[in-house]
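Here is a short tour of a protein chain, written to be read with the structure open beside you.

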Amino acid sequence: MFAKLASTTAVRAVPRIFASRAAPIAVATAAGVAGASLFAAPRVQLEGPRTIAGEYKTAGERSFIMIKPDGVSRQLVGKIIDRFESRGYKLVAIKSVVPSEELAREHYADLAARPFFPSLVQYITQGTPVIAMVWEGKDVIRQGRRMVGATNPLEADPGSVRGQYAVSVGRNIIHASDGFDSATKEIGLWFHEKELAAYEPITWSQVMADN
């Protein structure tokens, strides 16, 4: 019987491993503390999987947001950042970069079979920089998509970024991760783990608290 229990504990002690293209990361959950009984080992229940995109469905969830060349050219960067800050989300990484063709193709790999793919890559790599960002906070992936608006600006809600500032699907200003898996891929593609800041804004507990 003891052997069976020890085997079960050993399984629980297997490291939870996750990775991104930028940097593989590993987190190990210890089975117990030195000198403590195996039977008293605490179990930590996580809300969701943990990756470079944080922990899903918690205040530590992260999303990748990118202001495209047209948004930068139209000098809308400050207005867009203000929307996310005013909502209460935390900016943990930001940089201005002119994407290479390789980076653009990998970012939009899911659209590679579409007829507009070559022109999309050409547009993103035109020479005008994009603003790559990582935002953190409760439900930020889903809410980020709502704040950005529908892919076709003519179908976007008037209060969304696209609904207010864009009219053409080919120049729709901004990109936002559409799920936790895509956020994990995109953050890992554009950022190294060490570029993501770990800090707590002074108002964080007031914004993210449930009671």
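Asn152 counts as partly exposed because its relative accessibility is 24%; buried means under 20% relative accessible area, exposed over 50%, and partly exposed in between (1.4 Å probe, protein chains only). You will find Asn152 in the loop between α6 and α7 (161-165). Helices (H or I, at least four residues) and strands (E, at least two) are DSSP runs, numbered from the N terminus.

A word on the source: this is a predicted model, in which local features need pLDDT of at least 70, side-chain atom pairs count only at pLDDT 80 or more, and totals for chains, interfaces and linings use all residues. Residues are numbered from 1 along each chain as its sequence is written, and side-chain values use heavy atoms, with hydrogens and water left out.

Met147 sits in helix α6 and counts as buried because its relative accessibility is 12%. Beyond its neighbours within four places in sequence, Met147 is in contact (heavy atoms within 4.5 Å) with Arg83, Phe84, Arg87, Tyr89, Ser160 and Val161.

| Pair | Separation in sequence | C-alpha distance |
|---|---|---|
| Asn152 and Gly170 | 18 residues | 8.4 Å |
| Met147 and Ile80 | 67 residues | 9.7 Å |

How do α3 and α6 pack? Helix α3 (residues 77-87) and helix α6 (residues 140-148) meet at an angle of about 135°, with axes 12 Å apart. Axes here are lines fitted to C-alpha atoms, for helices over the stretch in contact, and angles run from 0 to 180 degrees between N-to-C directions. That angle makes α3 oblique to α6, since under 35 degrees counts as roughly parallel, over 145 as roughly antiparallel, 65 to 115 as roughly perpendicular and the rest as oblique. On the α3 side, Arg83, Phe84 and Arg87 meet Gln143, Gly144 and Met147 of α6.

Helix α8 (residues 180-190) is mostly covered, with nine of its 11 residues buried. Among them are Phe180, Glu186 and Trp190.

Trp190 also belongs to the largest nonpolar core, a set of 50 residues. Such a core consists of buried Ala, Val, Leu, Ile, Met, Phe, Trp, Tyr and Cys residues joined through side-chain atoms within 4.5 Å. Ile80, Met133, Trp135, Ile173, Trp190 and Phe191 touch the most other members. Strand β7 (residues 130-136) gives the most to this core, with six residues.

Across the chain there are nine helices and eight strands, and 42% of the 211 residues are buried.
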